[in-house]
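Me: I would like to go through some of the terms used for this structure and see where each one comes from. Please show it to me.

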Number of protein chains: 2
Amino acid sequence: MELVEEVLAGRRLQLAHLLTQIENGTSEGREALDALFPHAGKAHLIGVTGAPGTGKSTLVNHLARQYRDQQNGEPKRVGIVAVDPTSPFSGGAILGDRVRMRDLAGDSGVFIRSMASRGSLGGLATATSGVVQALDAAGFEVILIETVGAGQAEVEIARLAHTTLVVDMPGLGDDIQAIKAGIFEIADILVINKSDRPGVEATQRALQSMLQLTHPKVRLFQDSLMESRHHVADHIPAELPEMKMCEEANEAQWIPPILLTVATEGKGAAELKQAVERHRAYLVQSGELEQRERERLVSELDILIRETLAERWREQQPDEHYEQVVETLLKREISPWRAVESLLNGKSWKRSMS
Amino acid sequence: MELVEEVLAGRRLQLAHLLTQIENGTSEGREALDALFPHAGKAHLIGVTGAPGTGKSTLVNHLARQYRDQQNGEPKRVGIVAVDPTSPFSGGAILGDRVRMRDLAGDSGVFIRSMASRGSLGGLATATSGVVQALDAAGFEVILIETVGAGQAEVEIARLAHTTLVVDMPGLGDDIQAIKAGIFEIADILVINKSDRPGVEATQRALQSMLQLTHPKVRLFQDSLMESRHHVADHIPAELPEMKMCEEANEAQWIPPILLTVATEGKGAAELKQAVERHRAYLVQSGELEQRERERLVSELDILIRETLAERWREQQPDEHYEQVVETLLKREISPWRAVESLLNGKSWKRSMS
């Protein structure tokens, strides 16, 4: 298949074309993915999620730059997938691409793709997974998957990643703090961005106490958090607390470090990259990488199975029968559950009522 | 069925028990819903969604009070369902229930239920729909369905409603504005809460120009928006613009009015209730109510069908075969799509590879 060969050879235009096919769920896209699948599985997938307004896009930008910077050793090829599940109707991606383009445009080692939801949530997760796999097969070694918000959709998409960054910022209201609680448990690395703003210590304490709930060991490291306070005051990302936590964590369990960044100035991006690399090392060492890969593929398989089952059922279901059942449902003669039974058991809807 | 009789008779404890059964998806809950279904379909369902921090809970409170107030005619029985899809792991609801309790506690005409996600998104939508139906059958005439955020999950849940309020506030950042764009199209009524804050005019203009994109007629009413400026300056919810829009809208098409509220002070709640009632009247008059009921039930039916199909398939699938396919997938010998084909066509996984 020509398209597959060209994508593997690193042709950007063909890759862009393929990603569109994947997003649209065409058979061309599906067949190409089948052929590319054996070539994927090498990239490190980094999920970036968190409440709106925390500066995720800028952070992703700077992290991408860190991977591209010659000073950090061999530059890695970076793919960025920006997913917006909150945009079910617009059909277009509305993330801050212009900012991004200015920073990373013209670098052939970076490929950026924005995705918006087109209908079902399952559809978006499947499409995102496909796009990530294609980038992976095309040789992008680090793939940043950024979601616009912090809802369940974002959690589903974050499950695609090997390392998940949850981005917070000082001064978020209680309502947003509640959202954070929901995604807290998927965090491998916690980032307090905009850490030059007032209230950073309160945010740090809040995250720290949430960590203590989920990782009792963290209590041991409270001292190091205290130490870091003056760094915070000077608006310098504190390195100490997360370093200490990691040393301990490597032995048995990963404890999410809390990193401070000021993404607009690029502060903390290098430390963030280091933390991601430590997490990668931990995943490999502990065998968790394999386990995550497994969970990832099983979860993807399950979504595909659900969608295919529904699709096939719909195809073989006569429209008239379905319409009849809907009419009876509208008249409230049968309940939705009875309607499902009637439809799935292939019985006549009338018989099922008696 | 005793439980059903007691719920229909208005017994609160039994209702609470039933809602738990529905949330947990037990057969008791399912059977009760079957029996209650013919009694439901009378309530007006109001969805309330919008970005975090916009004060939705407080607004819902005040709207509920408006319906309970004797001065507004016959008080209506009000159900409040607060849904938090962003909390997939906590298992508990974390919305501002304490505030709410203080306001509405002891009023037997109000029933409040908080729900958090327990696993799948489809599951939460199904459970919410069941809870709403039970409250409806139990005689609650107005049911407010509030979601914590503004993601796709919230959009799915907002589809349950007859009238959907989208809540905005002055001064939200661009990132949150982007979210708003995504849910804009499901709004029947737009609310700018916290309208005593600076920047309210900019927010109003932004919403107005989005309205113009979707409803070209709105251009006619820009003058009335101008008129309302001084109201805004005085922190008084402006009535004029939405009144005029509605008069026109009633003739053919509903144009979402933009309402200004200060929920913490209860300002604008009465006008909001009036707008909801006008929307209800429009829905009845235009025949759209019936159409929305239909869409609602069809969408619920589809979710149930998908879940049941997946459940049944999983039950009849031998674990060993599934495990074999997953292993092959992990070794990247077959792609996820091939794996699905192999599993769903009942062929041996080995045969499907050749």
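Me: What makes Glu265(A) count as buried, partly exposed or exposed?

Reply: Buried means under 20% relative accessible area, exposed means over 50%, and partly exposed is in between (1.4 Å probe, protein chains only). Glu265(A) has 48% relative accessibility, so Glu265(A) counts as partly exposed. This is a predicted model, in which local features need pLDDT of at least 70, side-chain atom pairs count only at pLDDT 80 or more, and totals for chains, interfaces and linings use all residues. Residues are numbered from 1 along each chain as its sequence is written, chains are lettered from A and ligands numbered from 1 in the order in which they are written, and side-chain values use heavy atoms, with hydrogens and water left out.

Me: Why is the pair Lys267(A) and Glu265(A) called a salt bridge?

Reply: The term needs a side-chain nitrogen of Lys or Arg within 4 Å of a carboxyl oxygen of Asp or Glu. For Lys267(A) and Glu265(A) the closest N and O atoms are 3.4 Å apart, so the pair qualifies. Lys267(A), at 33% relative accessibility, is partly exposed.

Me: What do Asp107(B) and Arg68(B) tie together?

Reply: Their side chains meet in a salt bridge, 2.9 Å from N to O. Asp107(B) lies in the loop between helix H5 (97-104) and strand S3 (110-116) of chain B, and Arg68(B) in helix H4 (residues 56-68) of chain B, so the pair links parts that are 39 residues apart in sequence. Helices (H or I, at least four residues) and strands (E, at least two) are DSSP runs, numbered from the N terminus.

Me: How do you know whether S3(B) is mostly covered or open?

Reply: Seven of its seven residues are buried, so S3(B) is mostly covered. Val110(B), Ile112(B), Ser114(B) and Ala116(B) point one way, and Phe111(B), Arg113(B) and Met115(B) the other way. In a regular strand the side chains alternate between the two faces of the sheet.

Me: Why are strand S2 (residues 78-84) of chain B and S3(B) said to pair?

Reply: Two strands pair if DSSP finds at least two bridges between them. Here there are seven bridges, in the parallel sense, so the two strands pair. In one of them, Gly79(B) has Phe111(B) as its bridge partner in S3(B).

Me: Which residues is Ile305(A) in contact with, leaving aside its neighbours within four places in sequence?

Reply: Contact means heavy atoms within 4.5 Å. The partners of Ile305(A) are Trp313(B), Tyr322(B), Val340(B), Leu343(B) and Leu344(B).
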